[in-house]
Every structure is written in structure tokens, then in C-alpha cells.
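Work through the following exercises with the sequence and the three-dimensional structure side by side, and try each task before reading its solution.

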Amino acid sequence: MIIIVFALQGLVIALIPPPPVDQRIGVYDSNFANFTEYKCRGCHTAGVPDDHHSLVPTGEYQCTNCHPVLPNGSGITMVRNCMQCHDTTFNGMVVPRPHHETKDAQDRHCSRCHGNLVNDYDDNHIIRDGPPSSMTPDTKYRAINTTSGRKWGGCEACHEQNTTLEPPISFNNKTHHRLGSLSGFNPQNSSKCAVCHGNHSSPYGSDYIRYCEQCHGFESLHSIQYDFTNTSGQKGYGHIGDGNFDCNGCHASYIAGEVAPGASVITPVINNLSTSKVYAEAVTVLTINGTNFVTTFDGVMHTSVVIVTDGINSTTLTPDSITPSQMVVTMPALIQEELYGVYALKNGSVKSNKLPLVSTPLVKVSFANKIGTTITINGSGFGLSYDPLYSDWYNVTIKNGDISRNISITNWSETMVVVTSTDAASGDIATVNSINGANSTTVTDG
């Protein structure tokens, strides 16, 4: 019987994701340099060109900044690899990393993107006073089994390095030190080191746990669990699993009670959206996949709504349907051309991570009137002025079946395109192809 019991325990342990921590919540614990375009598109699934094109009307960039003409004049540069521009120099422009250089990141408002998986330094969350006790987690570990290498009593019990994975997983010190100017590197700014390390005159040293608690308070840590509905009470899936196993991972000699402080509203996490691009004038049904959208803790059910924000104004949407792993919500046709963020808000207070949603104009062609050799096409969403350098992607075609008419573009604006043609006729099909899409109509005599 004893042999059977130990065999069963071994089977259960074998099913537990070993350190490093399970990577199904948020972005991999890796370094930016290790990411590839494929990994970036885990969040940026669609709408990336539209997001960049929206910078042109602001006057900050021109088409040639990102699409310079090839030296031989045969075409233009088309960049699809995020890493080719970001964190390097492209076409004479220094392009920063896209995340931790934002104002929210520089202001240490981490929850704006990461939700309540972390704390903001100024959100008045609890940070214990005084020196660490025997149950306080260590920034590394308190004990180690020298045979198995298993650690207890600190972050490294789960946040271990593993260079065999793709991308490789790094220790916490590496991931935190590779945050660009936020961490005092690139460009160098040693004064920012004190944000995480205090000053070296501290009696408890530069790796004092209370510095970590500025962003990782117990309220957020005690609410992290992958797929709480199916893994609650199991070992190794977060911070709310088996008391002896998971709690000792952080607290070493401390075994938690039935409910850890602050753990009642489990933090939701969004894995992906059914689309990252919507049209400004169209109603869109959006499917949001993730975990912990609905959880029941200690007999109380907590559920989520969807928040869409442009960083200033927010819209709250009640899901059409909701399960712990999926929400379906109808996006209204009120969103204007803009870059938005989407997150889940649970119980009115706990936020998920935020994923991007790009709203672009819907190209509409209302009519195409022909007077003599001039054809005037009216509509909306055509984009700004026309540049012949980009005529392969940004143009007008007029066809009679498979026969293309000869045309010359004489005027282009957001709502009107004027072309001349000596062979176009009433009944032909006129199509406007713009950076926002394409739309067609039949040419009529004006």
C-alpha cells in the first residue's frame, strides 16, 4: 500500500509544470532580444500596419520614413519583422522598444498593461513595515536541496532560468534589467536603479524584498493562478495551489491557511482576441479567450466585464456570453479611428492584462460620376494624399470585366478621388484601393 501511495504521488508530481514557472500567463519571462516576429504576433495578431499608418495623419511620420524607395528605384521597402525596426535604427530613425518606453511604463503604472498581475507603486497597496521575518519570501531563495536543485522560500522556487526553451526563459534579475530606459539602461541612467534597489546604505541590502513589493504586493501575488477553475488546489500552476507545496515555494517554513490574504478575486488574463482590427463604423462581435473571467472563491462568484479604452476615455461592455475561459462581446459602431486597449475588469476592481485593438476607417465608395473624360469618385476612408511611389498598393482601377481602363489620378483626398480616362465608360467598375482597404461601385454618367 505504501508503495502504491508513493507511486501515485510521483504521478501527480510528474504532471506539474516544473520550474521555470508555467508560461501560459502573459508574455514569456524572456528578454526582448530573444523575441521573434512570431512571438510578437502572439498579441499583435492583426492591425499592425493600420496602427503604424495612423501615425501619418498626425504629421509625426511620412510614408517614406517606414517605406523608403529602393536604391534602384524598382520599388519600396516593405518591413514585416517587428525586430528589424524596434530597439534599433531604421532608415535613420532610432526606433525605441514599443512597451517599456511608454509614459505609463516610465511613470511606473505597470497595471495599465499588465493588469492586477502587478501593482502600481502609488496605488496605496500594502507594503509591510520592518525587516523580513522567517516567512517573508526572499528575492532568491532560503533553502535548496543540493541533490535535486529544488529551491524553497523565494522567487527562484519557480522563476528559474531555462535556456533550452524557445524563447529562452531568464532569471528575474535579467528580465528586470532588460527594460531599457525604465531600468536605467539604454541610455544609461543609474539614478533609476534605486527604484528597485533603494540605496546601498540600506541595512538590509540592495535586494531587500520591500523594494520588490512596490510592484509585487501580496494582494496581486496571492491572486495569480492559471485557469483557477480547473487548477485550484493543484500544485505548481500559480500562487493559490496546494498549501504545502506552493506556499512553501515562496514562504519556506510557512503553510498558509485555507484562504490566503487578498486571494478572493482571482486575476483574469486575456490570451488573445478573435481580431485585433475593427472598422470604425461597423458593429463587431469580438471573442476574447483567456482564463479566470468567472471564478467562484469561498462560495462567492466573481465575474468580468470588458473595458475598451483609448488611454483617456473608456467604454464598459457587458459580455453577450461569458465562461471562465471565453467572453463574447458586441463592439458598438461608436469607436473612431484610434489605437485602443482591451482588458477584462472583474468584480469592478481587478483588471486583466491589456491587448491592443486597432480601429480603422471603413472604405466606402458612394458613387463614381463620369463627365467627359473626368471621373469623380466620392466616399470615405480613402486616406490622405496620393503618392505614385506607392501605386502598387494605393490606387484606383476602372475595369470592364477583365479589361483595365487607362487612367490618370489628378486629385486624391479622404473623401474624393478624381481621375481622367479616355476609354472608361458608364457601367465600368471603379475600385479605390487604399491603405485602409478597398471598395467598388459602378461608373455612371454625371
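**Exercise 1.** What is included in the cover of the buried residues of H12?

Solution. The model is a predicted one, in which local features need pLDDT of at least 70 and side-chain atom pairs count only at pLDDT 80 or more, while totals for chains, interfaces and linings use all residues. Residues are numbered from 1 along each chain as its sequence is written, and side-chain values use heavy atoms, with hydrogens and water left out. Begin by finding helix H12 at residues 243-251; helices (H or I, at least four residues) and strands (E, at least two) are DSSP runs, numbered from the N terminus. Next, pick out its buried residues, which are Phe245, Asp246, Cys247, Asn248, Gly249 and His251, where buried means under 20% relative accessible area, exposed over 50%, and partly exposed in between (1.4 Å probe, protein chains only). Finally, look at what covers these buried residues of H12, and you will find that the cover includes E4. After H12 comes alanine 252, which has a positive phi, near 60 degrees.

**Exercise 2.** Describe the place and the surroundings of glutamate 156.

Solution. First locate glutamate 156 in the loop that runs between strand E4 (151-152) and helix H7 (172-177). Then consider its accessibility: glutamate 156 counts as buried because its relative accessibility is 14%. Leaving out residues up to four places away in sequence, glutamate 156 touches Lys140, Tyr141, Lys151 and Phe171, a contact being heavy atoms within 4.5 Å. With lysine 151 there is also a polar contact from side chain to side chain, at 2.7 Å; such a contact is a pair of N or O atoms within 3.5 Å, and within protein one must be able to donate a hydrogen and the other to accept it, while residues adjacent in sequence count only if both atoms are side-chain atoms.

**Exercise 3.** Is proline 261 buried, partly exposed or exposed, and which residues does it touch, not counting residues up to four places away in sequence?

Solution. Start in the loop between H12 and strand E5 (269-273), where proline 261 lies. The relative accessible area of proline 261 is 44%, so this residue is partly exposed. With residues up to four places away in sequence not counted, proline 261 touches Phe218 and His222. Histidine 222 is 39 residues from proline 261 along the chain, yet their C-alpha atoms are separated by 7.0 Å.

**Exercise 4.** Trace how strand E13 is paired with E7 and with E12.

Solution. Two strands pair if DSSP finds at least two bridges between them. Within this pairing, leucine 286 stands opposite valine 329. Then turn to strand E12 (residues 321-323), which pairs with E13 in the antiparallel sense over 3 bridges, with threonine 323 opposite glutamine 326.

**Exercise 5.** In what order do the 8 strands of the open sheet stand, and why is one side of E20 and of E21 left without a neighbour?

Solution. Reading across the open sheet, whose pairing is mixed, gives the order E20-E19-E23-E24-E17-E18-E22-E21. Strands E20 (403-404) and E21 (408-412) stand at the edges with a single partner strand each, so one side of each has no neighbour in the sheet. Further in, strand E19 (residues 395-400) runs antiparallel to strand E23 (residues 429-434), joined by 5 bridges, and isoleucine 398 stands opposite alanine 430 there.
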